[in-house]
Amino acid sequence: MKLKLYILLLLCCFITHTINAQDTQKNVLKASVSKNKLSVNQRLRLDFSISKQGADNFKPPSFKNFKIVGGPSQSVSQSWINGKRSFNKTYTYIIQPKKEGEFNIPAASIEIDGEIIQSKPIKIIVLKASAIPKNPNDPNYIAQQNIHLVAQISKSQPYVGEAIYVEYRLYFSQNVGIYDNAITQNPQYNGFWNQEIKTNNPEVKIGLYNGENYRYATLHKALLVPTKEGRLTIDPMKMDIIVAVPTGRTDFFGNVITKQIQREFSSAKKTIQAKSLPIANKPENFTGAVGTFSFDIALNKNTLKANESAEINVTVSGNGNLKLFEIPEIITPKELEVYQPERKENVRITANGLTGKITDKYTVVPEYKGKYKIPKTSFSYFNPKEKTYKTITTKDIFVDVLEGKTLAISEKSSNNLKKEVQIIGDDFKYIQTSTNFQTIKNKKFFKSFWFYVLLLLPIISMPIAIFISKKKEKQLQDFSGNKQRKADRLAKKYLSEAKKELGNKETFYEALENALHNFLKAKLKIETSDINNDKITTLLQEKKVDTATIQRFTTVLTDCDFARYTPITNLQMTEEYEKAIEIITLLDKQLSNQNNK
C-alpha cells in the first residue's frame with residue numbers, strides 16, 4: 001500500500017514538473033533583426049516579441065554601439081482559431097550603428113508572473129559606409145533597398161533539349177509592406193520551348209537573400225527547354241508595386257506611420273549557355289529525345305480475319321522533352337492496309353520536367369489470308385545525367401490472318417519478282433439490266449384535314465386578335481398600372497444583375513440598392529427622390545406593415561450604402577443578397593394582403 005502511494009506521489013511530481021517545464025518553454029522573449037550584416041550608414045529593425053499575456057516591465061538592452069532612430073513602438077495581436085487563443089506582443093526599434101566592427105546587442109528582459117525572462121544576444125556585423133543618395137529617408141530609396149525582384153534558374157548550362165526551371169521571386173523585408181502588384185512586362189524566352197506553370201494565391205515564406213532574412217512570394221514559374229545551342233538570354237520581368245514605407249514618425253499609440261508609393265521593379269537579365277549534344281556515338285535514328293525514356297510497341301490482336309481491324313500502339317514514356325521529338329514509324333507489309341496514326345498525349349509538368357507518355361495509334365486492316373511480320377523498331381535518346389546515348393529495340397510482331405482472300409505469288413524471272421493475284425469469291429457484281437420501280441401515291445390536299453384547318457384559321461383568329469388588342473389598349477390607358485409593372489420588372493432585373501455581380505463589391509451593392517428602390521416604386525408609388533428611411537417607414541406604417549419587417553428592410557438599405565466603403569467578403573455579399581430576396585418576398589406578401597382587404 002505504501003509502495004503504491006509512493007509511486008502515485010512520484011507520478012504527480014513528474015506531471016507537475018512537466019507542466020511547469022512546458023510553461024517555462026512557452027515564456028520566451030524572442031529577439032529578431034531584419035539583417036545581421038549592414039553598412040555603418042544603414043539601419044536595421046529590431047523586434048522583441050512575447051507570446052504570453054500579462055507580461056510587464058519590459059527593459060530594453062543597452063544600445064551602446066547603436067543609436068535609436070525610431071521607436072520603441074508596441075503592437076499587440078491576438079486571435080481565436082478552433083477554440084485556441086493566440087497572443088503576441090512586440091516591441092520594435094529602428095537602430096543605426098555608430099561605427100564599424102562586430103557587436104552584440106545584449107539581452108532584453110521582461111517580467112511574467114513574477115519571473116524575469118531574457119532574450120538571447122544577437123551578433124551584428126557592421127561594414128564600411130556604402131554610397132547612399134542625398135536623402136536616405138527618400139521613400140523610393142527605402143523601397144529600393146528593401147524590395148528585390150529576383151529570377152532564379154535551376155541550371156545555367158543545360159544540354160539542348162534538357163528541361164530547366166525559371167522562378168521569379170519577390171523578396172521584401174520586414175521594414176516595408178506590399179499592398180498591390182501587377183506584372184507590366186512578361187519575360188521573353190527566345191530560343192526556348194516554354195510552358196508556364198500557374199501559381200494561384202502565392203504563399204508568403206521566409207528565406208535568405210544576400211545572407212539576410214526576407215519574406216518572399218513566388219509570382220511566376222516556367223519550364224524551359226533550349227531548342228538551340230549557344231548563349232541564350234532571358235529578358236527581365238517588370239512589375240508595378242504599391243509599397244508602404246516607414247516615414248520615421250509614430251502615431252499616438254507608438255505605431256510606425258507609413259506612406260504608400262508606387263514603384264517599378266525589374267529582375268536582372270539571365271544568361272543560359274546551352275550545350276550541344278555530343279556527336280560521338282550518336283545513333284542514326286536519333287530524333288532529339290533528351291531525358292530518360294522507355295519504348296514499347298503493342299498489338300491488341302495477334303489473330304484476326306480479313307477486313308477486321310487491329311490496333312498497333314507505339315508508345316514513348318518517361319521524363320524529358322516529350323512533345324519535342326519524333327516517334328519512330330513502324331514498317332508494315334504491303335498486304336496490310338495501315339492508316340495514318342492517331343496521336344495521344346498524357347503529359348504533365350513535374351519537378352523533374354515533362355513526365356508522361358505519348359502514343360501513336362495505328363489502325364491495321366488486312367485483306368488477304370496469311371501470316372505477316374511487323375519488323376522490330378528502334379528508338380534512341382540522350383541521357384543528360386549519364387551523358388550517353390541509349391537505344392531501345394523492340395521484338396518482331398506477327399499478325400495471323402485466318403480467313404480472307406488467297407494471295408498467290410509466282411516468280412516470273414530471276415531478277416524481277418511480280419505478284420499474280422488469284423481472286424476467289426464474289427468480288428464483282430453484275431449490273432442489273434431491268435428496273436422494278438413503283439409509283440408513289442400522293443394524297444390530294446383538297447378537302448383534306450389541313451385544308452379545313454387553314455380555311456377556318458382566319459375566322460378563329462380574328463376574335464382572339466380583337467380581344468388581345470382591346471386588352472392592350474386598356475393597359476396603355478392605365479398609366480399608374482404601367483408604371484407599377486415597369487418598376488416591378490426593373491426590380492427583378494436588378495436582382496438578377498446583383499446575382500451576376502456577386503464578388504464585385506461596387507457593382508453588386510449598386511444593383512442591389514436599385515432593386516430595392518424599384519420595388520418600393522412599384523408597391524408604394526413613390527419616386528426615387530422621395531426614398532429615405534423616414535419616408536419609407538412612414539409609408540409602410542400607413543400600409544400596416546409589421547414594424548419588424550420595416551426595420552429589416554431599412555437595415556438592408558443601410559447596409560448596401562455602408563458596405564461600399566468597408567471590406568466585404570464574397571460570403572457576406574451572398575448573405576446580403578439572400579436577405580434582400582427574403583425581405584422583398586415578405587414585404588410583398590404583407591402589402592398584397594393589405595390591398596386585398
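## Strand pairing

Two strands pair if DSSP finds at least two bridges between them. In this predicted model, strand S4 and strand S8 (residues 109–112) are joined by two bridges. The two strands run antiparallel. Across this pairing, Lys-59 stands opposite Ser-109 in S8.

## The three-stranded sheet

S4 and S8 belong to an open sheet of three strands. The order is S4-S8-S9, and the pairing is antiparallel. Strand S4 (56–59) and strand S9 (115–118) stand at the edges. Each has a single partner strand, so one side of each is left without a neighbour in the sheet. From one strand to the next, the twist averages 25°.

## Ser-49 in strand S3

Strand S3 covers residues 44–50 and includes Ser-49. Is Ser-49 buried or exposed? Its relative accessibility is 19%, so Ser-49 counts as buried; the cut-off for buried is under 20%.

Which residues does Ser-49 touch, leaving out those up to four places away in sequence? Val-28, Leu-29 and Lys-30 are among them. Asn-88, Lys-89 and Thr-90 are also touched by Ser-49.

Conventions
Residues numbered from 1 in each chain as written. Predicted model: local features only at pLDDT ≥ 70, side-chain atom pairs only at ≥ 80, totals over all residues. Heavy atoms only, no water. Helix = DSSP H or I, 4+ residues; strand = E, 2+ residues; numbered from the N terminus. Buried < 20%, exposed > 50% of the residue type's maximum accessible area, 1.4 Å probe, protein only. Contact = heavy atoms within 4.5 Å. Axes fitted to C-alpha atoms, helices over the stretch in contact; angles between N-to-C directions.
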